[in-house]
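Here is a short walk through one protein model, written for someone who likes to have the coordinates open while reading. Please load the structure and follow along.

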Amino acid sequence: MAQFRKNLIDGEWVGDAGSRNINPSDTGDVVGEYASAGVDQARQAIAAAKAAFPAWSRSGPLARHAVLKKASDEIMARKDEIGRNLAREEGKTLAEGIGETIRAAQIFDFFAGETLRLSGEVVPSVRPGVGVEITREAVGVVGIITPWNFPIAIPAWKIAPALAHGNTIVFKPAELVPESAWSIVDILHRAGLPKGVLNLVMGKGSVVGQAMLDSPDVNAISFTGSVGTGKRVAAASVEHMRKFQLEMGGKNPLVVLDDADLAVAVDCALNGAFFSTGQRCTASSRLIVTDAIHDRFVDALKERMDKLVIGDALDAQTQIGPVVDATQLKQDEDYIAIGVREGATLAFGGERLDRKTPGFYLKPALLTGATNAMRSSREEIFGPVASVIRVKDYDEALAVANDTPFGLTSGICTSSLKHATHFKRNSEAGMVMVNLPTAGVDFHVPFGGRKGSSYGPREQGRYAMEFYTTVKTAYTFAG
């Protein structure tokens, strides 16, 4: 019988009606059943977080450090178990699931340290006898809405800094991946968080998410997901004059110049475009390749793609797992068809695959002869699909790379220090990679983009404090 997981509201596990969590590698395997909160429970969670805020925001750094460090230690100790469950519910490979779990542990460890590094400033006033103190205080009740593609890392990099800086939380994870969310909340709950500080409300975005957007008691919202939903979060937040932070889509370019090391370029493209089944906002979905290396690059990439092992996420031999669900699989196929109708050539892959167990298996697809004007080159597909765009030189490559409504990450493969330096300065993206995949970032430095990809302060590292705190300036006249 499948296990049943409840929501956590005001320190109590509650909930009845559940939704089933299906393994995309084996649709006959039910990972578990999970409570689905309604509007009333969402409002109760917000009220609990509001009530818990005064005490938690004034708690000492050692209390916060103890909770975050204990959570980090348990996540690391259980990395194999949690990583396996992550792979089972999301479909990324077992190695990727364990790696993501380790990253979550590292994030909690980093922000445990940040609780002991909280600081302010004391500056002289322009007026005699007056002292000035500049401090940071918690924002209040933070609504956290996370996607399905990184079901433990993204919640970790939002929840950890929110708690470290004294905020209370209402957390709504994606419906497709509730087990990873439940596990991280359970660990934090048992690590000693006071009741109401962290509230888990699994359920539909149209119900739970909307209740969070409608509430004047939610002081800030951190959202990662689609552009359309992000815009609704922004509009609702402006109505309540709350802080909001958005991480949305990407259509990330990887530029390959004539002077690139071919093996390095192919490795970067293969990893960036297709690993994690291409279901990363940082994926290299546009491969912009100059004339002299184009044909060799395409041939070498197809050869490597042909050797990829696509299969059950829990199989140690698997390199590419299934697409997350039937809806996403259809979207991938639709965009491949759109690209072909627009004039691109399906040079490799793109077909569904049969495996031992029923699942959402898709052979990674490569579109060649693409232009930057095609929908398949401009809209985020969020699957193992990449388009190759031929250009004549570096200047055209840079122009094409920047010609996008998104600006999350970008990459260049080159042996030219001149071109690498120029690209780092002139690429219109929040993160730039040189001779590295566009996907793959460190946990202790800022994460975020420009244009339609992101809004608000950066996530991760010390830059996270910009969102999770508010600045107070205090003046004192000594007499």
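## Ground rules

Buried means under 20% relative accessible area, exposed means over 50%, and partly exposed is in between, using a 1.4 Å probe and protein chains only. Helices (H or I, at least four residues) and strands (E, at least two) are DSSP runs, numbered from the N terminus.

This is a predicted model, in which local features need pLDDT of at least 70 and side-chain atom pairs count only at pLDDT 80 or more, while totals for chains, interfaces and linings use all residues. Residues are numbered from 1 along each chain as its sequence is written, and side-chain values use heavy atoms, with hydrogens and water left out.

## The annotated span

An unreviewed UniProt entry gives residues 20-473 the annotation "domain: Aldehyde dehydrogenase". UniProt positions are given in the numbering used here, feature names are shortened, and annotations may be inferred rather than shown by experiment. In the model, this span is 42% helix and 22% strand, and its end C-alpha atoms lie 50 Å apart.

## A covered helix

Helix α6 (residues 178-190) is mostly covered, with 11 of its 13 residues buried. Among them are Trp182, Ile184, Val185 and Leu188, together with the acidic residues Glu179 and Asp186.

Just after α6, Gly192 takes a positive phi of about 115 degrees.

## The nonpolar core

A nonpolar core is a set of buried Ala, Val, Leu, Ile, Met, Phe, Trp, Tyr and Cys residues joined through side-chain atoms within 4.5 Å. The largest one here has 61 residues, and Phe108, Leu163, Phe171 and Leu188 have the most contacts inside it. Helix α5 (residues 153-164) gives the most to this core, with 9 residues.

The core draws at least three residues from each of domain 1 (4-248 + 453-477) and domain 2 (253-434). These domain bounds come from an automatic or database domain assignment.

Where does UniProt place the feature "active site"? The unreviewed entry puts this feature at Glu247, which is found in strand β12. Glu247 is buried, with a relative accessible area of 5%. Strand β12 (residues 243-247) has 4 of its 5 residues buried, so it is largely enclosed by the rest of the structure.

Two strands pair if DSSP finds at least two bridges between them. Strand β11 (residues 220-224) pairs with β12 in the parallel sense over 5 bridges, and Phe223 stands opposite Leu246. Strand β22 (residues 454-455) pairs with β12 in the antiparallel sense over 2 bridges, with Ser454 as the bridge partner of Glu247.

β11, helix α8 (residues 227-240) and β12 make a right-handed β-α-β unit. Right-handed means that, with the strands pointing away from the viewer, the path from the first strand over the helix to the second runs clockwise.

## Two backbone spots to look at

Most residues other than glycine have a negative phi. Asn435 has a positive phi near 55 degrees and lies in the loop between β20 (431-434) and β21 (450-451). Asn435 is partly exposed, with a relative accessible area of 32%.

Gln460 has a positive phi near 75 degrees and sits in the loop between β22 and α15 (465-468). Is Gln460 buried or exposed? Gln460 is buried, with a relative accessible area of 1%.
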